Amino acid sequence: MYVLNTWYVAAWSDEVTRQPVRRVICEEPIVLFRTTKNAAVALADRCAHRAFPLSAGRCIGDSIECGYHGFTYGPDGACMKVPAQSTIPERAKVRKYPLHEKDGWIWIWMGEAADANPADIPDTHWMVDDSWATVTHSVLFKCRADLIHDNLLDLTHESFLHQSTVGDDYIYEHGITVEVEGNVVNVDRLMPSVEAPPLYAETMGISGNYDRFHCTEFFVPNLHVLHSGITGEGRPREEGYLIKVLNGITPIDANNSWYYYAFSRNFAVENQEATEQLKVGLAQVLKEDADALEAQEIGMQSRSEREFDVLIAQDGGVAKARRVMQAMLRAEARPAEANGARQPAPAPVVVTGAR
């Protein structure tokens, strides 16, 4: 169900302190905390003694103490103390997860620790670049992560779901170009000679026609970077008002996901009023998405197993991303099957009119 040999956003850097924080990622309970030297640590949130959540305990020095019987674990996951006796059982240890802190996010590797390479984490530097201004949100989406991926790969929904902020009919009137390189899917849409959407026009202080563009870069399965903006008619994109929308999607379980969102812009960087307008407007966009995908999740759970999505040409990115995801899941399933574990078969992809 989940690609595990990859990095997921576990939290914002400022969310992890000396006070233990609980997260559930790919159905695995995790406790996050910092050592006395401010290093972030992630351990399985389950004491080896009686499975009590370590997140309900406390940090002591660089270790975390279980709040039930006082078993104390170091940042490597090994038990260092059992208050009731002097000896420590050999099996008294919990799993330690690789972490990497970058650009305000803490990334966690859920697969084999030996395979974790921070160089595989996508570029997100705009969030901490002084020449860009950033608005952030965190939202619990009551839906499977796959629905969020589909939502971000097919932005024609903006024409209907986000009419008062970033939507317009001309979005679905223009087609897309889809490219795949490794596990990265790019979906590009150019909308020439159109008006800027209401939220952008207000914060940019502009009117008239421009060339608008979307390019969703999906690093399967964890991050969507939307390279978006408007520029003068017929002019290069890099000359325009540029937006980088960073969407960290982290599965909780089969029906819930964390959505870590950052909206970085290269215009009105010092304008606090524009920042506040975007904070409010983008919160509305995210709520509209969350409500729509929750309703979609309910529909998905109630439909027959014989029914599948009917995809159209605008879903070219969706179809290709699903194939990449299925290939990654199959690659991880092979070692498990060799060890006797059975894995669920991937869902079929049905495409109508896509190229």
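How exposed is Glu101, as a relative accessible area? I looked it up: Glu101 is partly exposed, at 38%.

**Ground rules**

I noted that this is a predicted model, where local features need pLDDT of at least 70 and side-chain atom pairs count only at pLDDT 80 or more, while totals for chains, interfaces and linings use all residues. Residues are numbered from 1 along each chain as its sequence is written, and side-chain values use heavy atoms, with hydrogens and water left out.

**Salt bridges**

I looked up the total and found 13 salt bridges in the structure. The term means a side-chain nitrogen of Lys or Arg within 4 Å of a carboxyl oxygen of Asp or Glu.

Glu101 has a salt bridge to Arg34, at 2.7 Å from N to O. This pair links distant parts of the chain, since Arg34 sits in strand β3 (residues 28–34) and Glu101 in strand β9 (residues 99–102), 67 residues apart. I wrote down that strands (E, at least two residues) and helices (H or I, at least four) are DSSP runs numbered from the N terminus. Arg34 counts as buried, because its relative accessibility is 6%.

Next I checked Asp150 and Arg322, whose closest N and O atoms are 2.6 Å apart in a salt bridge. Here too distant parts of the chain are linked: Asp150 is in helix α1 (residues 145–153) and Arg322 in helix α5 (residues 316–338), 172 residues apart. Both Asp150 and Arg322 are buried.

Then I found Arg303 and Asp309, joined by a salt bridge of 3.0 Å, N to O. Arg303 is partly exposed, with a relative accessible area of 27%. Through shared partners, salt bridges tie Asp150, Arg303, Asp309 and Arg322 into one network.

**Helix α1**

Back to the helix that holds Asp150. Eight of the nine residues of α1 are buried, so the helix is largely enclosed by the rest of the structure. Among the buried ones I listed Leu147, Ile148, His149 and Leu152.

**Strands**

What sits between β3 and β4? I found a hairpin with five residues between the two strands, and Asn38 in the turn has a positive phi of about 75 degrees. β3 and β4 pair in the antiparallel sense over five bridges. For pairing, DSSP has to find at least two bridges between two strands. Phe33 stands opposite Val41 in β4. Five of the five residues of β4 (residues 40–44) are buried, so this strand is largely enclosed by the rest of the structure.

I also looked at an open sheet of four strands, with the order β5-β6-β7-β8 and antiparallel pairing. β5 (58–60) and β8 (79–81) are at the edges with a single partner strand each, so one side of each has no neighbour in the sheet. β5 pairs with β6 (residues 63–65) over three bridges, and Cys59 has Ile64 in β6 as its bridge partner.

**A charged patch**

Last entry: Asp168, Asp169, Glu173 and Glu195 form a negative surface patch. Patches take residues with over 30% relative accessible area and no salt bridge; like charges are joined within 9 Å, nonpolar side chains (Val, Leu, Ile, Met, Phe, Trp, Tyr) within 5 Å. Glu195 lies in strand β13 (residues 184–195) and is exposed, with a relative accessible area of 52%.

Note on methods
Accessible areas come from the Shrake-Rupley method with a 1.4 Å probe; for residues, only the protein chains shown count as cover. Lys and Arg count as positive and Asp and Glu as negative; His and the chain ends are not counted. The place of a charge is taken as NZ of Lys, CZ of Arg, CG of Asp or CD of Glu. Buried means under 20% relative accessible area, exposed over 50%, partly exposed in between (1.4 Å probe, protein chains only).
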